[in-house]
Amino acid sequence: MTEIHGTDGTRALGDAPGTGDAFARLVLETMPEESRVGLTLGFVRTFGIPGIARVLHSTGRMTDEPRGRAKATGVAMFALIGQGVASAEGRRIVEGLRRIHDRPDITPELMRYVLACFTVCPLRFIDDHGHRAVTDEERDAAYAFHVSLSEALGLSEDAADADTEGTAPGGAGLAGVERWMRAYESRHFAPSPEGGALWAATSKGLLAARLPRPLAALAPAVAASLLDQPLRTALRVRRAPAPVRALVTAALRARARARRRRTARTTA
């Protein structure tokens, strides 16, 4: 599976064929920082699936060199969003992804779950902590990107659209992907040694490196405050202490308020 975090080196949105749309503008221009955090949380969410955790852990890249591997894959993912799956660069990246994931322990169902996390989780984080909620246009564009990447990777969209009963209602859109994702998690979330090791490397390595030095020691607790209960259970992560949760909530709310004020000034 791919690792996603930073976007260093990502090009600005321009005349990207097929994706010069609301989703690309949201991710690359309007709320890039929130999108990066959401993508990272989507990646961490996959650690709760033992089959995915085993694949990621077996490469040794996320435990030995988490920052470098995450950065490289993040650049690739944001390039797909910014330039389009059908662009020359998009086709090159997709071919690389197909080649990397062509192994018997990576099933289409696992790949569909990873793509669902990468689409759903950034929008969740923006809805919860951005200076405004995701619009219907942005949500529809995110689903269109999800479908195009799924098709490019040779994954059937029927399963991704499936509801909790396993059927595939027409026009389910992103809501259908999220229903399928929740149902998949309810069946497959479980603790594993590999998931725990990946969490330790990510929370102590990637996040700590991005916090001010005095807060670096709190990195695991700060990260834990952003996880929901099902994922904490799967990763055997304790709920962050109340003061840390309050600090993180206050910081995110203050940031959103400041951004709303700046946006209001620039649009006045």
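This dialogue discusses how to read selected features of a predicted model.

Student: Which conventions apply to this model, and at what pLDDT do local features count?

Tutor: The model is predicted; local features need pLDDT of at least 70, side-chain atom pairs count only at pLDDT 80 or more, and totals for chains, interfaces and linings use all residues. Residues are numbered from 1 along each chain as its sequence is written, and side-chain values use heavy atoms, with hydrogens and water left out.

Student: How many helices and strands does the protein chain have?

Tutor: Helices (H or I, at least four residues) and strands (E, at least two) are DSSP runs, numbered from the N terminus. The protein chain has 15 helices and 0 strands. A contact means heavy atoms within 4.5 Å. Among contacts between residues at least 6 apart in sequence, 73% join residues at least 24 apart.

Student: What share of the residues is buried?

Tutor: Buried means under 20% relative accessible area, exposed over 50%, and partly exposed in between (1.4 Å probe, protein chains only). Of the 268 residues in the protein chain, 50% are buried. Helix α1 (residues 22–30) gives a local case: Ala22, Phe23, Ala24, Leu26, Val27 and Leu28 are buried there. In helix α3 (residues 50–59), the buried residues include Pro50, Gly51, Ile52, Ala53, Val55 and Leu56.

Student: Which residue other than glycine has a positive phi?

Tutor: Most residues other than glycine have a negative phi, and most peptide bonds are trans. Arg236 has a positive phi, near 55°. Arg236 is in the loop between α14 (229–235) and α15 (242–267), and it counts as exposed because its relative accessibility is 66%.

Student: Which residues have the most contacts inside the largest nonpolar core?

Tutor: In soluble globular proteins, nonpolar side chains tend to be buried together. A nonpolar core is a set of buried Ala, Val, Leu, Ile, Met, Phe, Trp, Tyr and Cys residues joined through side-chain atoms within 4.5 Å. Here the largest has 70 residues, and Leu80, Tyr113 and Leu149 have the most contacts inside it. Helix α7 (residues 108–129) gives the most to this core, with 13 residues. As for Leu149, its C-alpha atom is 9.5 Å from that of Ile81, 68 residues away along the chain. Ile81 lies in helix α5 (residues 66–83) and is buried, with a relative accessible area of 3%.

Student: How many disulfides does the whole structure contain?

Tutor: A disulfide is a covalent bond between the sulfur atoms of two cysteines. The cut-off applied is a pair of cysteine sulfur atoms within 2.5 Å, and a search of the whole structure finds 0 disulfides. For Cys117, the nearest cysteine sulfur is that of Cys121, 4.9 Å away. Cys117 is buried at 0% relative accessibility, and Cys121 is buried at 7%. Cys121 is in helix α7. Leaving aside neighbours within four places in sequence, Cys121 is in contact with Gly38, Gly42, Arg45, Ala116 and Met181.

Student: At what angle do helices α8 and α10 cross?

Tutor: Axes are lines fitted to C-alpha atoms, for helices over the stretch in contact, and angles run from 0 to 180 degrees between N-to-C directions. The axes of α8 (residues 136–152) and α10 (residues 173–188) come within 8 Å and cross at roughly 65°. Arg139, Tyr143 and His146 of α8 make the contact with Gly173, Leu174 and Val177 of α10.

Student: Where is Ala142, and which residues does it touch?

Tutor: Ala142 is in helix α8 and is buried at 0% relative accessibility. Not counting residues up to four places away in sequence, Ala142 touches Phe23, Thr119 and Leu123.
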